[in-house]
Amino acid sequence: MNGKPVTALNVWVEGIGAWAPGIPDWAHLRALLRDQAAGPDAGAPARPTPAALPPGERRRAPVGVLIAIEAAAQAVAMSGRDAATLPCIFASAHGDAGIMDYMCATLAQTPREMSPTRFHNSVHNAAAGYWTIAAACHAASTAVSARAESFGASLLEAAVQVAAEGQAVLLVASDVPGAGPLGEMIDSTEPFGCALVLAPAASAATVARLDLFLHSASGATAARHPHAQALAATNLSARGLPLLEALAAAGTATLDLPASPTLGLTIHTEVNP
Amino acid sequence: MPALAVCAHTATSALGRGLDAHAAALARMRGGLAANDFSQQPLACFIGRVAGLEDEALGDAWADWDCRNNRLAWLGLQQDGFAAAVEAAATAHGRARVAVLMGTSTGSIGATEEAYRRLDGARLPADLRRPALHSLHSLAGFVAAALDLHGPCLTVSTACSSSAKVFAMAERMIRLGLVDAAVVGGVDTLCESVLFGFNALELVSPEPCRPFDAARRGISIGEAAGFALLERVGRAPAAPRLVGYGESSDAHHMSTPHPQGLGAALALHDALARAGVHADAVDYVNLHGTATPANDSVEAAWLARHLPARTRASSTKGYTGHTLGAAGAIEAAMTLLAIERGLVPGNLGCDAPETACAAQLALASEARRVDVALSNSFGFGGNNACLAFARAGATA
């Protein structure tokens, strides 16, 4: 017996997090996106220092991990949920491309001098590991990539998990610049991270409803705000900014995001008053 | 959960190309590890190398994707009629109704490493300036293109649990009705990063790995490709089935497992619950069994604590090495072989087993009916997956 084809999924947003240079949290990003003339805050810290991590880890963790965890913590706090209960998905187009440059350069010259700490920080699920340890979270965790379409593909996976298991899920998308010769290959030249807590039903914590529709690929809605456009052009995870723009605004919106070279998502958003 | 049929599956590793080669090696307890002849600079250890990849360049149509990892993916897809089975599913359901979900930890990083060895000034050499290769998603992107599939496409990279978790992702998508079939699997290849990286962590054994042996000294690294085609059971009622899975996090430490195996217990509990079976029904478990001191002692205790004396168990990493991102997929293949061919693989490399699991550990391969079997994959950062498979009709 064949299942009836399903091409739509609904999720309810309960928490949003964000970090970029000069944009330390979702409140700042939301205010910026609502004001075409606004820009990032030049005085903001150059890297986040998420309280969610113990002080030693905060000092030692790579900046990509810090950004992911900062965004995650903001979204979870906004949702009012306990981080320990949330299955989590950490998406990144390229992971820590800076460590990849270090590793490949070291391997080409003096492979035995490879740093064990940098090696274990190079795994794609490093942020997921740091997060679940800090949050004492025993729920399922994953780390994913779909390169240029990572944001759309991971949003789809998050919606699948929410709908299939009837439980709220934390989605984090972040990327950092590369370094060295590899830098040219990875499409991110500025850091950015964002996070969503997605739930299977409306609740008192609901910020917005998302209806996702799957279809063959049909392009991408561009961000409207000039700074959002700049972020999206310099960071693959920031290609989710059109969705964040819709969540920053009142009312309803419709946008397209690619989930693969052959699969597109149309997202209808309805923000709670 | 509603079970899924494993309509086709395949494995290629140091044991050879395809399921018959693997079944023969497991039955005869003939391993594929050999002294490391791969790395650019010497490193005294043993590896599980796939022979002949150097001679198997991808054809002109796929030249942009050419690298060791994608060569192994291509080679793997050609075995056991797997690519043909996928084409039949794509024709039956529609190309957009088939997902491609791949696990990998190396991706094509071997190509990035090579590029750094022959830089063009401050740039990668022109022939390797191919962005699609310098991403973990290279594998899934290549497989989707090579099989011409247009559904959801995603890479999971959670170290050693990567290509087990993709089975769970597929189950959810099919159950929801987003797709009707999924190509799941994993490919990891030998590269300097993993050899010298694990060496830096002092986790690599100087001798062939010895899972669960009291004198074990760490892992042997291998490369492999494993794939499975999952569809609803109506498509292949007699095929073995994915009947359950469990995923969990240890929340303990980046590179050592939870000392009481908490995450592993959660994953097992969830897998059995989804399968609707009791631990007493498990005939065989393919253990993660990496031969590190920490993993094997925790897993031995887990086995003794949670599974009955009658359950047979073994790690197969003594045959193939630890294939990291591909381990979930090829060990699923060997677990399915246990069901299909009535073969419990012997735990190669162990003479003096950990006391805790000695009664359950099969030191020699056994001809034995297997109806319900599990496969463990426990990754770096405490990322755990347990898959449950069963003969058609063996579970409710």
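Q: How much area do chain B and chain A bury between them, and what makes it buried area?
A: In this predicted model, chain B and chain A bury about 5200 Å² between them, with 65% of it on carbon and sulfur atoms. The figure counts as buried area because it is the accessible area that the two parts lose on being put together, summed over both.

Q: How many residues of each chain are in contact across this interface, and what makes them count?
A: On chain B there are 70 such residues, and they are in contact with 64 residues of chain A. They count because contact means heavy atoms within 4.5 Å.

Q: Which elements of chain B give two or more residues to the side that touches chain A, and how do the residues of that side divide?
A: Across the interface, 20 residue pairs are in polar contact. The contributing elements of chain B are helix H4 (109-117), strand S6 (153-156), helix H6 (162-176), helix H7 (192-200), strand S10 (241-249) and helix H8 (262-275). H7(B) supplies the largest share, eight residues. By class, the side of chain B that touches chain A has 32 nonpolar, 23 polar and 15 charged residues.

Q: Why are strand S3 of chain A and S6(B) said to pair?
A: Strand S3 (residues 141-145) of chain A and S6(B) share two bridges in the antiparallel sense. Pairing requires at least two bridges, so the two strands pair. Within this arrangement, A:Ser145 stands opposite B:Thr155.

Q: Why is the contact of A:Glu184 and B:Arg123 called a salt bridge?
A: The N to O distance between their side chains is 2.5 Å. The cut-off is 4 Å, so the pair qualifies.

Q: Are B:Arg123 and A:Glu184 buried, exposed or partly exposed, and what makes them so?
A: B:Arg123 has a relative accessible area of 37%, and A:Glu184 has 39% relative accessibility. Buried means under 20% and exposed over 50%, so both values fall in between and the residues are partly exposed.

Q: What makes A:Leu182 buried or exposed?
A: The relative accessibility of A:Leu182 is 4%. The limit for buried is under 20%, so A:Leu182 is buried. A:Leu182 is found in the loop between strand S4 (169-175) and strand S5 (192-199) of chain A. Leaving aside neighbours within four places in sequence, A:Leu182 is in contact with residues of both chains, including A:Met100, B:Tyr116 and B:Leu124.

Q: How do you know that A:Arg147 and A:Asp187 tie together parts of chain A that are apart in sequence?
A: The closest N and O atoms of this salt bridge are 4.0 Å apart. A:Arg147 lies in the loop between S3 and helix H7 (150-165) of chain A and A:Asp187 in the loop between S4 and S5, so the pair joins parts 40 residues apart in sequence. A:Arg147 is partly exposed at 21%, and A:Asp187 is partly exposed at 39%.

Q: What makes B:Glu114 and B:Arg118 a salt bridge?
A: Their side chains meet at 2.7 Å, N to O, and the limit is 4 Å, so the pair is a salt bridge. Elsewhere, salt bridges that share partners join A:Glu165, B:Glu171, B:Arg175, B:Asp270 and B:Arg274 into one network.

Notes. Residues numbered from 1 in each chain as written. Chains lettered and ligands numbered in written order. Predicted model: local features only at pLDDT ≥ 70, side-chain atom pairs only at ≥ 80, totals over all residues. Heavy atoms only, no water. Buried area = accessible area lost by both parts, 1.4 Å probe. Polar contact = N/O pair within 3.5 Å; in protein donor to acceptor, adjacent residues only side chain to side chain. Helix = DSSP H or I, 4+ residues; strand = E, 2+ residues; numbered from the N terminus. Nonpolar A, V, L, I, M, F, W, Y, C, P; charged D, E, K, R; others polar. Buried < 20%, exposed > 50% of the residue type's maximum accessible area, 1.4 Å probe, protein only.
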